[in-house]
Each structure stands twice: as C-alpha cells, then as structure tokens.
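Me: Please consider the structure shown below. The questions that follow take up its parts in turn.

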Amino acid sequence: MYIIIIGGGKVGYYLSKTLLNQEHELLIIERDKRKCEALTAELGGVVQRGDGTDSLVMEEAGMARADLVVAVTGDDEDNLMICQMAKKKFGVKRAIGRINNPKNEHIFRILGIDSTVSVTDLILAQIEREIPAHSLVHLLTLREAGATFIEAQVPADSPIIGKPLRELKIPDNCVIPLVIRKGKGIIPYGETQLLAGDEVIAVTTLDQEGTLEQIFAGLSAKNK
Amino acid sequence: MKVVILGCGRLGSHLARRFDREGHDVSVIDRTSESFARLGTDFRGTMILGTGIDEDVMRRAGIENADAFVAVTAGDNTNAMAAQIAKLIFKVPRVIARFNDPVHEDTYHTLGLMETISPTIMGSNAIHGIVTGKFAAKEDKG
C-alpha cells in the first residue's frame, strides 16, 4: 500500500516508523528543513521536503496513486485542506485528518472528512475501555454490616455468557440470590448459565466488590 | 448589507474601507492587532481580533446576520476552512474565498460551496492582456 504522511512531527514520525515496519511504501512530507534531516537520518530516503498543502508538492509526491493520505500537521486548517485536496483533486480513496482543536471536530464532520483522529476522542475511548459501560449499580449498601447489594447487567460480548455460575470463580463472601431474565426473576444455582442482557443481583462484602466487578466486566477472564 | 471580512492585509483592508465608504456594515477579523492600522482612522466598521476558523470569533463578528463572508488571508488553507464554516454552519448567502494556489482554487470552485478568486490567475490574465495588447478573451486557467 502507498501511504503519504503529511507532517513530520512526533505523530508523523512514530506513525511512519510503525508503518515502515509493516512494509508499506511510504512518503513523509515535511516543511521544516531540520526535521527533514532528522527524519531522513532515522528512517532513510522516505522524506520529501515541502509544503504538503501545495498542489505541486502533492503532485510530485505522487498523490494520485496513493492508497491512503494521513494529514497530521499541527494546524487543523492545513489538515482539512490536505484531506479535501487528496480526495477531491487526486481521487485518493482514504484520507485521515488529525484534529488538534476539539472545537473543530464537528466542523470536520460537517465538512465530510470521513476519518478524523482527535486526541480527545482517543482519550475518551480509552476511558470507556477502562470503565465498563455496564458497571455495577449499587442497590443498597449496609456500611455497618460491611455488605452491599449490587446489580450488574451481562454485556452482549461478555466472556461469561453461557458458563455455569459455579465456573465464574465467585469469591466466597459473595452470593447471587437472583437473576432477572427478560423481566422475570430466576433463583439461580451452580449450573445456571448467564445470558446476554441478564441482570444479576449479588450480595457481597465490601472488600470483594472489586473482584465481582471484574468477573462481570470479563476482565478477570482476559487477564488470565 | 452586512459583510464580514477575514484577513486585514492589503486586499482585506482595501475591501473593508471600500464597503465602509459605500455605507455597508463591515466587520474585519485578523489575528494581529497591528493589521487594523491599514483601515485608517476614519473606518466605522468593527474590528475583531482572533483566528477566522473559530466559530466564536466569527459569531462575534456578526456572521449569523451576514449577507456576505469574504476570506482573504494570505493562507489558502485558512480561507478554505473559514469559507466552509461560513457556508455550512452559518449558512451565509454569499461566500467568497481567495486562493493563491490555482489548483486550490480549481478544487474549491469545483466543490461548489463558495465563490473563488485566484489573484494569481487574475494577475496573469491582466498582464497577458497588456503585453499582447488585447484583453484576455480566453482565460487560461492553468
């Protein structure tokens, strides 16, 4: 695949390094002379010096035959121009633009740039991965007794689906007295298998809450 | 008529003074305050300090009620982005952007979102007309 990366800053550099290792044909366009020299010393003859938004530079880079153009300069207006020129003028199928200012995200969307990378978005995605969408809901906590009633919904992609409860390694101080399936309560026993969307009610000591949370998020299964 | 002009360089300031003299309501946006000196002391319009690709700055310049938006900074990329914001987000009826690179001009002209002006081609045509002794009947887009 022929990939053109515009912008030889940190993002452009690490991106190029990774893609070169994956044996893609690659070209980096960078305006700054010193950055070009450093990139060439590090990555070899894959650097073209010039303004990546200039039509002549784009033509010289062979943009018309590029499979992918990635605009990762520090200026959103430059990245927008690059993506639009690549797609409209040079017929490049895929153009990805970096967004520096989160305020510009919806502008890029309205302007029809299909792929954008925003640092804000990336951090948000990471937060969503770290904090499961269906985390535990506290129904009742008895601080003095050191116990809590919680409810967890089994996510559609959970690795615990179809496994009998006894195989879930539920800690000793936890009990699952009730499973609500499609609005109906089931009193489970060791052989009961959980299904996607099941609401599980559990009673647990406060210190085991985290373990239980991990089981339902499927994290303990992944870590093994 | 309410006109918002982005870029207070030679072209932007000339245009701003002209609209102002004709009695139009003019706002000029530029990212450096020194640029506003080009407008002279008798300019009655509004001067807004800020970047022209920021919706809040454009709102302050009165873009929501503008009849026309003109993007004439020295940067093609800024002009392209600002003009698209004016057209697609603020629905300004007339949007004109200046492009120094004729290929940029051609691309955005083809997109059809805005009216485009290329001083490069206009200047070339004018000079060609003078040298050959005839007006440029056929405009060479290249």
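**Surroundings of Q193(A)**

Not counting residues up to four places away in sequence, Q193(A) touches G162(A), K163(A) and P164(A); contact requires C-beta atoms, placed from the backbone, to lie within 7 Å. This is a predicted model, in which local features need pLDDT of at least 70, side-chain atom pairs count only at pLDDT 80 or more, and totals for chains, interfaces and linings use all residues. Residues are numbered from 1 along each chain as its sequence is written, while chains are lettered from A and ligands numbered from 1 in the order in which they are written.

Me: Does Q193(A) count as buried, partly exposed or exposed, and what is its class?
Reply: Q193(A) lies in the loop between β10 (184-186) and β11 (199-205) of chain A, strands being DSSP runs of E with at least two residues and helices runs of H or I with at least four, numbered from the N terminus. A residue is buried with 20 or more other C-beta atoms within 10 Å of its own, exposed with 12 or fewer, and partly exposed in between. Q193(A) has 14 C-beta neighbours inside 10 Å and therefore counts as partly exposed.

Me: What distance separates the C-alpha atoms of Q193(A) and I161(A)?
Reply: Along the chain, Q193(A) and I161(A) are 32 residues apart. Their C-alpha atoms are separated by 7.1 Å.

Me: Which element supplies the largest share of the side of chain A that touches chain B?
Reply: The contact takes 15 residues from chain A and 16 residues from chain B. On the chain A side, α4 (76-89) and α5 (105-110) each supply at least two residues. The largest share of that side, 9 residues, comes from α4(A).

Me: How are α4(A) and α3(B) oriented to each other?
Reply: α4(A) and helix α3 (residues 76-88) of chain B pack with their axes 8 Å apart, at an angle of about 80 degrees. Axes are lines fitted to C-alpha atoms, for helices over the stretch in contact, and angles run from 0 to 180 degrees between N-to-C directions. Angles under 35 degrees count as roughly parallel, over 145 as roughly antiparallel, 65 to 115 as roughly perpendicular and the rest as oblique. α4(A) and α3(B) are therefore roughly perpendicular.

Me: Which residues of α4(B) take part in the contact with α4(A)?
Reply: α4(A) packs against helix α4 (residues 102-111) of chain B at an angle of about 70 degrees, with the axes 10 Å apart. From α4(A), the contact uses Q84(A), M85(A), K88(A) and K89(A). The partners in α4(B) are V103(B), T107(B), T110(B) and L111(B).

**Core and confidence**

Me: Which residues touch the most other members of the largest nonpolar core?
Reply: A nonpolar core is a set of buried Ala, Val, Leu, Ile, Met, Phe, Trp, Tyr and Cys residues joined through C-beta atoms within 7 Å. The largest has 69 residues. Those touching the most other members are I4(A), V69(A), I5(B) and F69(B).

Me: Where in chain A is the pLDDT below 50?
Reply: The pLDDT is the predictor's confidence in each residue, from 0 to 100. Chain A averages 85, with 88% of the residues scoring at least 70. The pLDDT is below 50 over residues 219-224 of chain A.

Me: What ipTM does the predictor give the complex?
Reply: Chain B averages a pLDDT of 93. For the complex, the predictor gives a pTM of 0.68 and an ipTM of 0.82.

Definitions and conventions
Two residues are in contact if their C-beta atoms, placed from the backbone, lie within 7 Å.
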